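Biologist: I would like to learn how to read a model like this one, feature by feature. Could we begin with charged side chains and then move on to strands, helices and the interface?

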Protein chains: 2
Amino acid sequence: MATAAARTFALSAPLPLDNGQSLDGVIVAYETYGELAPGKDNAVLVCHALTGDQYVASTQPLTGKPGWWERMIGPDKPIDTNRFHVICANVIGGCMGSTGPASPAPDGKPYAMRFPVITIRDMVRAEVALLDGLGIERLHAVVGGSMGGMQALSLAANFPARAERVLAIATTARHSAQNIAFHEVGRQAVMADPDWQGGDYYGSGHSPDKGLSVARMAAHITYLSETGLTEKFGRNLQDRDAKSFGFDADFQVESYLRYQGSGFTRRFDANSYLYITRAMDYFDIAEEHGGKLADAFAGTPARFCLVSFDSDWLYPTAESRHVVHALNAAGAPVSFVELSAPFGHDSFLLDVPALDRVVKGFLA
Amino acid sequence: MATAAARTFALSAPLPLDNGQSLDGVIVAYETYGELAPGKDNAVLVCHALTGDQYVASTQPLTGKPGWWERMIGPDKPIDTNRFHVICANVIGGCMGSTGPASPAPDGKPYAMRFPVITIRDMVRAEVALLDGLGIERLHAVVGGSMGGMQALSLAANFPARAERVLAIATTARHSAQNIAFHEVGRQAVMADPDWQGGDYYGSGHSPDKGLSVARMAAHITYLSETGLTEKFGRNLQDRDAKSFGFDADFQVESYLRYQGSGFTRRFDANSYLYITRAMDYFDIAEEHGGKLADAFAGTPARFCLVSFDSDWLYPTAESRHVVHALNAAGAPVSFVELSAPFGHDSFLLDVPALDRVVKGFLA
C-alpha cells in the first residue's frame with residue numbers, strides 16, 4: 001500500500017460557480033502519494049467517480065477498506081509513485097472533507113439544500129485552485145474514470161494549459177437521457193424518504209438511509225453488465241435450497257444488491273448524492289462551449305487517451321468515440337481503445353490487465 | 001373500439017398453488033371481445049403484462065384511457081374480433097378485480113402480505129380454470145407480450161392440449177439476474193416507504209405512493225431503449241430556457257418519469273406490484289421441468305411463434321432464441337422473428353406495423 005497523507009487545503013478566494021454565485025471558505029480535502037519533484041513537473045491528478053473519494057491508494061478511514069485504485073497506483077504500479085506525485089482530491093459537494101452540503105454554512109448550520117447546485121466544471125475549478133495552492137502549474141497528467149473522466153475532460157477544455165496528458169476512462173462528454181433518468185430515480189428515492197426531511201436531517205438522529213440505499217441499488221445495476229451479473233449470480237439462491245415463497249432475498253443477486261445499498265449508507269451522505277448526481281446530469285461540455293464539442297478542445301496542447309469497455313452500457317463506447325471525433329476535429333493528438341472486459345462500467349476499477357498497460361504506456 | 005363486457009368468474013374449487021397451498025374463493029375478472037362461435041373453437045386468450053389488466057381493447061375504468069392493445073384487437077384488426085372471441089383476464093395477484101392482496105381473506109380483512117406468493121404458473125392455472133368455466137376446451141391461440149408471453153409459454157408447457165397456437169412476444173422463459181435486480185430495487189422502494197406499513201395500508205388513508213412511484217420510474221427506464229430515450233428527450237429542458245441550478249425536473253426525461261411514476265400509483269396497488277414482480281422473478285420454465293427447457297415442451301401439439309425486438313434490452317433477442325432452440329429440440333413447429341423497432345421493450349405495445357403483420361399471419 002502506498003503511503004498516504006491526510007490533508008486539507010483552504011481556498012484563499014471565493015470559488016466562482018457556474019450558477020453565477022461564488023462559494024466562500026471552500027476546503028478541499030486531498031491525499032498525495034509519491035514525492036513531488038523539485039521542478040514540480042511530475043504531478044498526476046487522479047479524479048474520483050461519483051461515490052469515490054481522495055483515498056485512491058490508501059485505506060478509506062470510514063470503511064477500513066483499501067483505496068479504490070490501489071491496483072493502479074503505487075510503487076512500480078501503472079501510475080508509479082516512485083516516479084509520479086499523485087494527487088487525489090475529494091470533489092466539492094462530496095462528503096469526505098471537501099466542502100459540501102454537510103459542511104457549515106456562514107450561519108454555522110449545515111448548508112443542507114442551501115448548498116449551491118454545482119457542476120463538474122465547478123469541481124474542476126476547486127481542483128485547479130488546489131493545484132495553484134500546491135504551486136503546480138502544469139500536470140504531467142490528469143486521469144479519471146467515469147465522473148473522474150468527466151473532470152479530466154473538463155479540465156482539458158477549461159484549463160487547457162494545466163495538463164500535458166489527459167486520460168479519460170469509461171466516460172462521456174455529456175450525460176444522456178438514460179443517464180439522467182437513472183439518476184433521477186435515485187434522487188426521487190432519497191427525497192421520498194421521510195427521514196430526508198427536506199435535506200435537514202443533520203443532527204436529527206435520522207438520515208434517509210432507506211432511500212439512499214434504494215438509489216445505490218438502482219445505480220449499482222447500471223455499473224455491471226447483464227452478462228457479468230449472469231456469470232456472477234445467475235438465478236442462484238442465497239443460503240437456501242429452494243425458493244422461500246416470500247419476500248426475503250431468495251436470490252444471491254438480491255442479497256448482493258441489498259448489501260451494496262446498506263453498506264453505502266454508512267459511508268456516504270445522501271445530500272452529497274443528490275448534488276453530485278445533479279452535477280453529472282448537468283454535464284455537457286459542448287453546451288458549455290457554444291454547442292460544438294470540438295470547439296471545447298480547440299487549441300489545447302494536451303495529448304489525450306480515451307478508453308472504453310465493450311460491456312459498459314452506462315457510458316458505452318459510442319460516447320468515447322464521440323469525444324475522439326471532436327478531438328480529431330480540434331486537431332488534438334488522441335489515442336483511443338475499446339477494451340474487452342466482462343465487468344460493465346465497473347471495469348475501470350477491476351482486474352483488467354489491458355487497462356494497466358494502456359495507463360502505464362500513456363503516462364510514460 | 002371493440003365492445004366490452006365487464007365480467008367476473010368465481011372458481012368453484014380451490015386453486016392449487018406452486019407454494020404447496022391452495023387458494024379458496026378465487027375470483028377472476030375478465031373481459032371478452034367478439035362472439036364465441038357455437039363450436040367454441042375461435043377463442044384467443046390474451047395475457048397481460050406486469051402492469052396491464054383485462055381492459056385490452058376497451059376503456060380502462062380507472063384512467064378512462066383506451067385499452068392497452070386496441071391497436072391490435074378489434075374488428076378487422078390483427079386479432080380480428082369479427083372472427084375471434086378474445087378473452088383477457090386480470091392475473092391473480094392483480095388489482096383490477098381478480099383475487100389479489102387487496103382482496104378480503106377468509107377473516108374479512110384484506111390479505112395484504114398474507115396473500116400467498118404466487119407464480120406465473122399459478123396465474124395460468126386461474127386462467128385455465130376460467131376457460132373451463134367458459135366451456136372452452138381448446139384455444140385457437142394464446143397470445144402475450146412480456147409477462148403475457150411468460151403466461152403463454154407456461155400454458156403451453158403445463159397445459160399443452162389447451163392451445164393450438166402460442167404467440168409469445170418480447171419475453172423470456174426465465175428471469176435473468178439483471179431482471180431480478182431491477183425488480184428487487186422496485187420492491188425495496190415500496191417497502192422502504194413508511195406508508196407501506198408492512199403491507200397493511202388498506203383503509204389507513206395512506207398508501208406507499210412515493211415508493212411505488214420510484215419503483216415504476218426505475219422499471220420504466222428498462223422498458224425503453226437508450227436510443228429511444230435520446231430521440232424522444234435527449235437533454236431537452238422542460239418548460240424552461242436554462243437549467244434552474246436546483247432539483248426541479250429541469251430535463252424533459254425527468255418530468256416524464258415523474259409523471260409515469262405518479263400516474264401509476266393512481267391505478268395500481270403497491271402490494272400487487274410486489275407479488276407480481278416476485279412471480280416474474282421466480283419464473284423459470286426449465287426449472288419447473290427438471291432443468292431442461294426442451295423437456296417442458298416435449299409432446300406439445302401447439303404451433304409456436306416467438307417475436308423479439310432488436311432494441312429490447314429487458315428481454316433481449318437471445319432470450320427468445322433460447323426458447324426457440326428448446327422448441328426445436330422438442331420438435332415443435334416454431335417460427336421466430338426479431339423485429340427492428342426503436343422503442344425498446346415497449347415496442348410490443350406501440351406502433352410497429354411489422355408486428356401487426358406477424359400477429360395477423362400467425363393467427364390466420
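Modeller: Let us start with the term itself: a salt bridge is a side-chain nitrogen of Lys or Arg within 4 Å of a carboxyl oxygen of Asp or Glu. This is a predicted model, in which local features need pLDDT of at least 70 and side-chain atom pairs count only at pLDDT 80 or more, while totals for chains, interfaces and linings use all residues. Residues are numbered from 1 along each chain as its sequence is written, chains are lettered from A and ligands numbered from 1 in the order in which they are written, and side-chain values use heavy atoms, with hydrogens and water left out.

Biologist: Which side chain meets A:Asp18 in a salt bridge?

Modeller: In general, side chains of opposite charge can pair when their charged atoms come close. Here A:Asp18 meets A:Arg125, at 3.1 Å from N to O. The pair links distant parts of the chain, 107 residues apart, since A:Asp18 is in the loop between β2 (15–16) and β3 (22–23) of chain A and A:Arg125 is in helix α1 (residues 120–133) of chain A; helices (H or I, at least four residues) and strands (E, at least two) are DSSP runs, numbered from the N terminus.

Biologist: How many salt bridges are found across the interface of chain A and chain B?

Modeller: The rule finds 12 across that interface, and its count over all chains comes to 40. One of those between the chains joins B:Lys243 to A:Glu287, with the closest N and O atoms 2.7 Å apart.

Biologist: What area do chain A and chain B bury between them?

Modeller: The size of an interface is often given as the accessible area lost when the parts come together; the buried area is what two parts lose on being put together, summed over both, with a 1.4 Å probe. For chain A and chain B this is about 4,600 Å², 69% of it on carbon and sulfur atoms. A:Arg235, A:Phe245 and A:Phe247 supply 18% of the area that chain A buries against chain B, more than any other three residues. Counting contacts instead (heavy atoms within 4.5 Å), 53 residues of chain A are in contact with 53 residues of chain B.

Biologist: Which strands of chain B pair with β9(B)?

Modeller: Two strands pair if DSSP finds at least two bridges between them. Strand β5 (residues 43–47) of chain B pairs with β9(B) in the parallel sense over 4 bridges, and B:Leu45 stands opposite B:Val142. Strand β10 (residues 165–169) of chain B also runs parallel to β9(B), joined by 4 bridges, with B:Ala168 as the bridge partner of B:Gly144.
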